[in-house]
Amino acid sequence: MSYRQIYKAWKSDPEAFWMKLAEGVEWERKPSKALFSNSDQSYNWFSDGRINACWNAVDRHVVAGRGDQIALIHDSPVTGSTSRITYRQLQDRVGKLAGALLERGVKVGDRIIIYMPMIPEAVIAMLACARIGAIHSVVFGGFAANELAVRIDDAQPRCILSASCGIEPGRIVEYKPLMDTAIEISSHKPEFSVVLQRPQAEAELIEGRDLDWQEFVAGASSCDCIPVAGDHPAYILYTSGTTGQPKGVVRPTAGHIVVLNWTMKNFFNVEPGEVFWAASDVGWVVGHSYICYAPLFHGNTSVIYEGKPIGTPDAGAFWRVIDEHDVKVLFTAPTAFRAIKREDPDARLLERYDLSGLRILFLAGERADPDTIHWAENHLGVPVIDHWWQTETGWPITGNPMGIEAMAVKYGSCAVAMPGYDIRILDEGGNEVERGELGTIAIKLPLPPGTLPTLWNSEARFRSSYLEEFPGYYTTGDSGFMDEDAYVYVMARTDDVINVAGHRLSTGLLEEVVASHHDVAECAVIGVHDELKGQLPLGLICLNSGTDLRDEQVVSECVQLVRDRVGPVAAFRNAVVVQRLPKTRSGKILRSTMVKIADGEQYKMPPTIDEPAVLDGIARALKSIGYPRHQG
Ligand code: COA
Ligand code: AMP
């Protein structure tokens with residue numbers, strides 16, 4: 001069937017469509033129907049089925065005779081090692097960790113935070129939680145202790161699974177002191193933690209609270225998978241919203257198993273047994289869906305890469321991994337390719353490797369600029385597919401479904417809606433705009449299986465963030481347009497979220513931290529264009545009158561403050577002191593006008609501006625630190 005036929009089949013009978021997909025996975029009890037709509041306009045999927053994600057990711061493949069196939073490859077240029085784990089070995093290791101957690105009293109529905117670098121144990125920890133129905137929440141290693149503490153307080157975990165350190169090029173990141181500080185400052189105290197000791201930096205364990213990972217699993221007996229209800233939360237993944245408080249996106253178990261399994265063949269076009277590599281991090285949604293769960297549900301081999309696109313050791317790192325492990329499909333963020341292209345513009349390092357096995361490159365996480373796509377197409381000689389989705393959805397909203405049909409590529413567009421997503425472009429009044437016109441990208445409810453049913457601890461915020469602006473629709477937070485062929489073009493966020501190297505950050509959070517400096521009267525943080533990372537945060541700071549500190553000193557203290565409180569991942573390095581911030585007469589800061597000035601773009605004087613001359617001051621201050629860096 002063609003893409004259009006499949007999309008139509010879904011639209012004309014969604015219930016039959018999803019029930020058919022549900023046959024692709026194994027249930028302890030099959031669901032009686034797909035969609036469960038509740039009286040309050042909320043929706044769940046496959047709720048009365050019983051299923052286990054770990055069974056579907058691991059055990060069922062062993063039973064089916066794939067026990068000796070490699071499930072995970074850990075390729076770690078930062079430690080100079082590579083290791084492989086078969087499905088049978090994975091079953092044993094996951095079963096023992098899950099058994100040890102059960103023996104410590106962890107029950108179905110308990111939360112467990114995972115704070116780990118890119119090592120197999122991170123995936124083993126996720127699967128062990130899934131095995132016993134515990135809800136994991138993975139926290140990205142590049143966040144500071146304070147961000148970990150915020151997540152501990154919200155998720156209230158029974159325990160934290162961690163490692164002594166992560167390894168970034170040129171430095172060891174000691175996770176344990178960060179975890180200790182987080183537990184110290186959080187109100188909720190996890191009962192215990194389990195720490196994997198890595199030889200690069202062994203951690204000191206706190207007697208009575210911290211357990212050594214190897215000892216923890218050594219005496220444990222492996223446990224069976226515990227089936228859970230279809231709508232049981234598989235995990236919580238915190239992501240940035242408009243305010244400093246992150247949103248705890250909840251992933252429902254059955255929907256996520258059913259659709260992720262389907263996407264591997266139909267979207268990514270890989271067959272069971274083939275090697276699939278998502279070069280991301282387990283701390284992000286891409287890592288959840290496409291390093292851990294989907295490839296394993298589908299019986300693929302997944303690569304866990306502990307390195308960078310450049311510098312570990314060079315811009316040929318990705319080519320080496322593809323060659324060495326016979327990667328058939330690669331998924332990464334455009335930033336990674338921009339970094340490679342910058343270091344090795346003619347892709348000379350490619351000559352050293354055999355990439356004949358690679359079939360497709362998928363890009364997502366941020367807008368894929370046509371230059372980068374062309375470069376990758378020319379040098380790799382494979383289709384390069386931009387696709388668009390979010391932490392909230394857990395799987396592609398739009399893209400080119402390569403396993404169904406290779407649709408025409410339109411540069412600048414992330415292609416067409418996947419079954420389940422009825423995309424509409426709306427104006428401010430909630431009316432659909434004409435094809436080709438810009439508007440808010442919304443999705444008609446219900447959202448498909450696998451997408452978020454709510455935010456953890458915050459149903460009200462879920463409704464106000466996503467559902468209230470346009471009743472009957474989910475608001476994506478992105479704006480863009482749809483062309484005559486229903487291809488979607490995602491242009492920008494409509495909220496204060498920015499995207500730095502494929503990492504989603506809240507400018508609201510950065511503003512809160514900068515504003516907490518005792519000499520800062522007020523500030524704005526905006527996302528400015530960056531050739532490598534797509535966007536970078538830039539701070540505009542107004543000082544309290546009478547401060548003794550020099551401007552540069554306040555700036556450098558604010559930069560340090562963000563690094564300490566939010567973490568290095570914020571990449572907050574640029575800020576400048578200004579006399580005043582431009583505001584509307586009602587006091588709203590004109591952030592988008594400042595973005596245009598910093599990016600060297602034309603802008604119209606906002607009619608509601610309080611004092612137009614303030615913009616001249618902003619332009620002068622930005623010029624003093626080298627903005628605009630290019631002409632928009
Ligand atoms: N643990 C601790 N620190 C981390 C970290 C982790 N897991 N990941 C990143 N950091 C740190 C980095 O060391 C860096 O610290 P520094 O300020 O001391 O240099 C900082 O966070 C910013 O990291 P990063 O965004 O990775 O920037 P970079 O300049 O080190 O590298 C790229 C630039 C393009 C190579 C890098 O961003 C990259 O590989 N991007 C791929 C995109 C991606 O995977 N996106 C995920 C969504 S699909
Ligand atoms: P995250 O939740 O971290 O995956 O970030 C999701 C956001 O990243 C989206 O809402 C978009 O703003 C942006 N994004 C992801 N993929 C794309 C893409 N292919 N094109 C444009 N923006 C994208």
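**The meeting of domain 1 and domain 2**

Modeller: In this predicted model, 17 residues of domain 1 are in contact with 14 residues of domain 2. The domain assignment gives domain 1 as 3-307 + 387-480 and domain 2 as 501-624. Their C-alpha centres lie 33 Å apart.

Start with area. The size of an interface is often given as the accessible area lost when the parts come together. Here domain 1 and domain 2 bury about 1200 Å² between them. Of that, 49% is on carbon and sulfur atoms. On the domain 1 side, Ser240, Gly244 and Trp284 lose the most area to domain 2. Together they account for 34% of what that side buries.

Next, the polar links. Nine residue pairs are in polar contact across the interface, both partners at pLDDT 80 or more. There is one salt bridge between the two domains. Glu392 and Arg504 form a salt bridge, with their closest N and O atoms 2.8 Å apart. The side of domain 1 that touches domain 2 divides into four nonpolar, ten polar and three charged residues.

Now the ligands. A polar side-chain atom of Arg573 is 2.7 Å from an oxygen atom of ligand 1. Lys308 places a side-chain N or O atom 3.2 Å from an oxygen atom of ligand 1. Gly141 takes part through its backbone: a polar atom there is 3.4 Å from a nitrogen atom of the ligand. On its own, ligand 1 has 950 Å² of accessible area, and the protein covers 83% of it.

Ligand 2 brings Arg504 back into the picture. Arg504 is among the closest residues to this ligand, with His387, Thr391, Asp478 and Arg493. In total, 15 residues surround ligand 2. They divide into four nonpolar, five polar and six charged. Asp478 has a side-chain N or O atom 2.5 Å from an oxygen atom of ligand 2. A polar backbone atom of Gly365 is 3.1 Å from a nitrogen atom of ligand 2. For Glu366, a backbone N or O atom lies 3.5 Å from a nitrogen atom of the ligand. The protein covers 92% of the 500 Å² of accessible area that ligand 2 has on its own.

How values were computed. Residues numbered from 1 in each chain as written. Chains lettered and ligands numbered in written order. Predicted model: local features only at pLDDT ≥ 70, side-chain atom pairs only at ≥ 80, totals over all residues. Heavy atoms only, no water. Near = heavy atom within 4 Å. Polar contact = N/O pair within 3.5 Å; in protein donor to acceptor, adjacent residues only side chain to side chain. Areas by Shrake-Rupley, 256 points an atom, 1.4 Å probe, with all protein chains shown as cover. Nonpolar A, V, L, I, M, F, W, Y, C, P; charged D, E, K, R; others polar. Domains from an automatic or database assignment. Contact = heavy atoms within 4.5 Å. Buried area = accessible area lost by both parts, 1.4 Å probe. Salt bridge = Lys/Arg side-chain N within 4 Å of Asp/Glu carboxyl O.
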